[in-house]
Structure formats: structure tokens, C-alpha cells
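Today I want to look at a pocket and a ligand.

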Amino acid sequence: MSAVDVLLGLQWGDEGKGKIVDVLSARYGAVARFQGGPNAGHTIHFDGKKFVLHTIPSGIFREECQNIVGNGVVIDPIRFEQELIQLRHSGYQPERNLFISLRAHLILPSHRLLDAVSERAKGKDKIGSTLRGIGPTYMDKTGRNGLRVGDVFQADFEDRYARLKQKHMDIVRSIDSNAETELEDEASFFSSLEALRALRCVNTEYLLNEMLSRGESILAEGAQGTLLDVEFGTYPFVTSSNTTASGACSGLGISPRRIGKVMGIFKAYTTRVGSGPFPTELLDETGQKIRDQGFEYGSTTGRPRRCGWLDLVALQYAVMLNGVTDLMMMKSDVLSGFEELQLCTSYRYQSQDIKELPIELRGVSANYTRLAGWNEDLTQLKKAEQLPAALKQYIQFIEAATSTPISLVSVGPGREQTLFL
Ligand code: GDP
Ligand code: IMO
Ligand code: MG
């Protein structure tokens, strides 16, 4: 039976989802984003070119693959149009294989302002949001105030926009009476709606279910990562959507019975951008070495990413929550040249060793197991058999800890730097 395979991040985002979706999209009839918005930055390298996608699914470079922005996604029309323009400049015609859900919610300029004002008001407790307006837009969605893509085709759109904006401005003033309330990009917002209207905005839940009925398979592309999930992540330092596998059902309108594989992507180490607890974080030269070798700077905001060892307690949790069937280990090449590698196999919390994530990771420290490192450059390898013995042991250790097979090892950003096990 044709199925929806889900590909999602198991850590705090930036695991390399974009790269693998691009690689795998050749095997699917469609790629569909199910949550998040332009807080995501999915990088794809091929033929010496580099693209960073924020809202458009990572299957867009294969014309035969349909790309669907599902109902669970939040869309900023300004940034969306910029992405379309960037693709067109590079010779692609995204309108040919792109569909947008009429139910997807819109990020307004005033949502972005609200995001900035609320973050500023939090002071040292700030989330470290990408300030793309994600939180306020999902708040309006669940608060039943939001505007959706379908609304831009209605005659009363401007009135509804004005009412919602007014509401936002009242909140902004209540948080900070001195806050700037001029929205400089309102004109670009309205002009970018034209670009949105020109695309195929449809009931994507029908489109996807009809594809499944015809026997086509679909790849659901997650954004962010499991530890940023609003339910199970390191709350409140999370994003405002369900990044876990169940989000694919609600964010696309497909039944859980349709889910096939759940592919969980993780880096061979851990990174995090923004605030919040991070038990295996390395604040020393080893952390800096990982950042340098992995070029760990945010694809969306350019911020340096915090770096640390692989956290197997958190990885096991993510595997459990998502029902991961296949693990994919990214950026293995970055760990070349370390004499010894450490893996967190339990936490120390309130004078006890534990293997479960407490609801608050603050105050947790990591207990490590040490494994030998390797020095070989992996970036030119073509076959899994060529992997150094120490890396094979590292892989086996993770497979045993998670009781899940690793089916793919990535050894560089390029499409061809992908080894299937
Ligand atoms: P995403 O948000 O999960 O799609 O990941 P990002 O694109 O934000 O960050 C992943 C970064 O790592 C990008 O710059 C990728 O080009 C790069 N990358 C992906 N896989 C590998 C890999 O195996 N090795 C190296 N060195 N870089 C990789
Ligand atoms: P991709 O899809 C890494 C982080 C932010 C912040 C928190 C909340 O590229 O993996 P938000 O803007 O959602 O209010 O920010 O979540 N964050 C990400 N970190 N990768 C992402 O997406 C992220 N999207 C949001 O840094 O800590
Ligand atoms: Mg990213």
C-alpha cells in the first residue's frame, strides 16, 4: 500500500533534513511540509550550488515531484515570495510543482512585531526565537483569530486583516507602551499576497489522499526537531508546533493508518540555537572544534549554534515518541580527528542516575561513555564498507542503545556524500 513516510529531526533542529529530503524525493510522488514556517532553514547542496529553503518543501528541485505546503504550516507571504524569486533566478519554475493549503495560516507583519516585543519583554528568559512571528501566529490559530490562505481570496480580507492588526497593536502597547508600532513592510505584505494568489492554493488534504489512492507515496518533511516540540520538547524553550510524527497527520490531513516509515535524522553530535537547557553542551575548545569543523552557524539567522556530544537519553526519547523505524546519522565527517568521543548514556539529576527526560532539563548533567575516535577523512567515501572501524563501533553503539537500525550515514553536505547501510 502506498504510504506517507515521515522524515523528521530527532534533536533541536538543523539535523540535515533538507539534504535528505532532496536525496529521497526522487523516490516519491510528493514531498509535503506539515508544520513550522520560515523559522526553518533547510540547506541543499548539489552541482556546486547551495539553496536554503524556509517554507517551500525540499523536493522542489525535482520537477516530477509535487511539493505541498500543508495546512499545519504557517506562511509569511513576504518571505515566501522571496523564496520563489530566488528559485526563479536559479532557473526553476516552482509554480509548476507547488501546491499550498487553503487552510495554512498567515504570518502578518504584526505577528512578527508581537514576537519581537514579547521576546524583549522576557529579558534574560527569552526563548531565542527566530523572530519570524511563529509563536504569535500559532497562538492566533489555536485562539481562533487567525487568517488563512483561503481568506486572501475573500472580499472582506482587508477588513479582517485590519481588525486582527488592531488587536495585535493593542497587545503590543499593553506589553510595552514605548514599543515601535509602525509596520514598515505592510505594503510588501499586500503585494506578496498577489504572488500567493497566483499559485495553486487548494484543499491539499484531498490532493494528498487522492495521490495515496492512486498508489503514489508521499514524503512528509518535518521542520525543527523533536526536542523543540511544543508537547514533548524542552518547554518553554520550544517552537509552537508539533514537530513529532503525529504532527504529520494533523498537519496534512492524513490518517495515522497511512503512515509508513518514520525516518529520524540526527547529527553524530548535538547542536542547539537559541536558549534553553542542553545537558551535553561543550563550552570549551572541543565545542569550538565541532562548531568550526561542522560550520555550525544558523541557516536562518546566522547565529552560532551551541555544540556538544551526542545525547543518547534524548535520542532514545525521540525514537520512542516518533516510533522511528530508520535512523539516519548526519555530519559523521565532522567528528573526524577527535581522539575520543563521548556519548551521554544517562543523566545525573537530583543525586540520581536516570534514563528518562525529566520535565525540566535544567539542573541535569550528563554521564558519559567514551569511545575511540577516528582520523580518516570521510567526505570522499562511496560505500559504507569503507567507514573506519571506530565509526562502525560508534554506529553499533547507537543502534544498540536505541534498538533501531541506522540506515544512512551522511559524510558531507552534497547529494552524493550519502552512504546507505
Ligand atoms: P535542516 O534544518 O535539518 O535541513 O539542516 P540545516 O540545513 O539547517 O543544517 C544542516 C547543515 O549541515 C547544512 O549546512 C547542510 O548543508 C550541512 N550538512 C548536511 N549534512 C551534512 C553532512 O553529512 N556533513 C556536513 N559536513 N555537512 C552536512
Ligand atoms: P529547522 O527546520 C533549529 C528554535 C529557535 C528557538 C526556538 C523557538 O531548520 O531545523 P521560533 O522561531 O520557532 O519561535 O523559535 O526554536 N528553532 C530552530 N532551531 N532549527 C530550526 O528549524 C528551528 N526553528 C526554530 O532558535 O530556540
Ligand atoms: Mg535548519
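First a term: I call it a polar contact when a pair of N or O atoms lies within 3.5 Å. The model is a predicted one, where local features need pLDDT of at least 70, side-chain atom pairs count only at pLDDT 80 or more, and totals for chains, interfaces and linings use all residues. Residues are numbered from 1 along each chain as its sequence is written, chains are lettered from A and ligands numbered from 1 in the order written, and side-chain values use heavy atoms, with hydrogens and water left out.

**Entry 1: ligand 2**

With K17 the side chain does it: one of its N or O atoms is 2.7 Å from an oxygen of the ligand.

How much of ligand 2's accessible area does the protein cover? I got 97% of the 550 Å² that ligand 2 has on its own (Shrake-Rupley method, 1.4 Å probe).

Then I listed who sits around ligand 2 (a heavy atom within 4 Å). There are 20 residues, and D14, K17, H42, T130 and T239 come nearest. By class, I noted seven nonpolar, 10 polar and three charged; Gly counts as polar, and Asp, Glu, Lys and Arg as charged.

I checked the second largest pocket, and its volume is about 580 Å³. Of its 27 lining residues, T43, H45, G294, K331 and P413 are closest to the centre. A pocket here is an open set of points on a 1 Å grid where a 1.4 Å probe fits, with protein on both sides within 12 Å along at least five of seven lines, and lining residues have an atom within 4 Å of a point. The volume is the space filled by probe spheres set on the points. The lining has six nonpolar, 12 polar and nine charged residues.

Notes: A polar contact is a pair of N or O atoms within 3.5 Å; within protein, one must be able to donate a hydrogen and the other to accept it, and residues adjacent in sequence count only if both atoms are side-chain atoms.
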